[in-house]
Amino acid sequence: MSIIAELKERRAIRNYENREVDEGKIHQLLEAATWAPNDRMREPWSFYVIKGEAKQAYEQLAREYLDVRFPAKPKLIESSLKVVQSTPLIIVAAADVIPGDQAASEDNEYAVCCAIHSMWLAAKELGLGFVWRTRGVGLVRDKRLYDFVGTLPQDKRIIGTIFIGYPEAEALEKMKSPSRTCYTEKTVWL
Ligand SMILES: Cc1cc2nc3c(=O)[nH]c(=O)nc-3n(C[C@H](O)[C@H](O)[C@H](O)COP(=O)(O)O)c2cc1C
């Protein structure tokens, strides 16, 4: 399939089969990420792979976050936790912060965004469902996640928490394809 066709068919997939992701595929995803464009070849990414017991610890973090964020919404908390419980693999992607150089630090963030997108397309080829999360149980702005992966916001900025698994066939069939506004409405030819 052409690259343009692949780009159009990539989707956020949030429902997974109850089985572990093949270790070889995890390596392939991470390797694909490292080919992303990046300014001055700083290769400014770090990845944290969370599965098995580490995922149970992540679930606990998510629970603590949700308890504080939504104290009066136990149903929301339970449904959000189910999302974590039913996800076999989580990868956190972070960008190096360059002390005293905001522009370069921002460029590092853009490079990590590219790396995540590369992983997303690679996941599609490998038959994996993938979604980049920031909000809610994505925890990207929560200090607990920084502590968990063992870094500080002044050293690395967490860009995305990626949920991955083999797509659940039934949910995949029911999934609607989001449409896009035509580029003509988003483009000014100067
Ligand atoms: C920076 C970023 C943050 C996102 N955060 C979330 C999120 O927190 N939760 C979620 O369910 N999806 C999240 N998404 C996925 C989007 O909701 C999804 O890409 C969008 O609905 C378009 O659907 P598509 O990816 O299938 O084209 C995020 C995507 C990006 C790029």
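**Before you start**

This is a predicted model, in which local features need pLDDT of at least 70, side-chain atom pairs count only at pLDDT 80 or more, and totals for chains, interfaces and linings use all residues. Residues are numbered from 1 along each chain as its sequence is written, and side-chain values use heavy atoms, with hydrogens and water left out.

**Stop 1: the whole chain**

Show the protein chain as a cartoon. It has seven helices and four strands, where helices (H or I, at least four residues) and strands (E, at least two) are DSSP runs, numbered from the N terminus. Traced along the sequence, the elements of the protein chain come in the pattern α-α-β-α-α-β-α-β-α-β-α. The radius of gyration is 17 Å, close to the 16 Å that the globule rule gives for 190 residues, so the protein chain is as compact as a globular protein of that length. That radius is taken over C-alpha atoms, and the rule is 2.2 Å times the number of residues to the power 0.38. The C-alpha trace spans about 50 × 45 × 35 Å along its principal axes.

Switch to a surface. The accessible surface of the protein chain is about 11600 Å², and carbon and sulfur atoms account for 53% of it. Accessible areas come from the Shrake-Rupley method with a 1.4 Å probe; for residues, only the protein chains shown count as cover. Of the 190 residues, 39% count as buried. Buried means under 20% relative accessible area, exposed over 50%, and partly exposed in between (1.4 Å probe, protein chains only). Of the contacts (heavy atoms within 4.5 Å) between residues at least 6 apart in sequence, 79% join residues at least 24 apart.

**Stop 2: the ligand**

Which residues are around the ligand? Select Arg10, Arg11, Ala12, Arg14, Trp120, Val131, Trp132, Arg133, Thr134, Arg135, Pro178 and Arg180; a residue is included if one of its heavy atoms lies within 4 Å of the molecule. Strand 3 (residues 129-133) gives the largest share of this shell, three residues. Colour the shell by class to see five nonpolar, one polar and six charged residues. In this scheme Ala, Val, Leu, Ile, Met, Phe, Trp, Tyr, Cys and Pro count as nonpolar, Asp, Glu, Lys and Arg as charged, and the others, Gly among them, as polar.

Now draw distances from the oxygen atoms of the ligand to the backbone. A backbone N or O atom of Ala12 is 2.7 Å from a ligand oxygen. For Thr134, a backbone N or O atom lies 3.0 Å from an oxygen atom of the ligand. A polar backbone atom of Arg135 is 2.9 Å from a ligand oxygen. On its own the ligand has 630 Å² of accessible area, and the protein covers 70% of that.

**Stop 3**

Select Gly136, in the loop between strand 3 and helix 6 (143-149). Gly136 has 28% relative accessibility and therefore counts as partly exposed.

Is Leu139 buried or exposed? At 2% relative accessibility, it counts as buried. Phi of Leu139 is near 60 degrees, a positive value in a residue other than glycine. Most residues other than glycine have a negative phi.

**Stop 4: Tyr58**

Go to Tyr58 in helix 3 (residues 53-69). Tyr58 counts as buried because its relative accessibility is 0%. Beyond its neighbours within four places in sequence, Tyr58 is in contact with residues including Val137, Gly138, Leu139, Phe148 and Phe163. A polar atom of the Tyr58 side chain lies 2.5 Å from the backbone oxygen of Val137.

**Stop 5**

Select Glu43, in the loop between helix 2 (23-33) and strand 1 (45-50). Glu43 is not a glycine but has a positive phi of about 45 degrees. Its relative accessibility is 41%, so Glu43 counts as partly exposed.

Finish at Lys25, in helix 2. Not counting residues up to four places away in sequence, Lys25 touches Leu126, Leu128 and Tyr166. What lies 2.7 Å from a polar atom of the Lys25 side chain? It is the backbone oxygen of Leu126.

Conventions: Polar contact = N/O pair within 3.5 Å; in protein donor to acceptor, adjacent residues only side chain to side chain.
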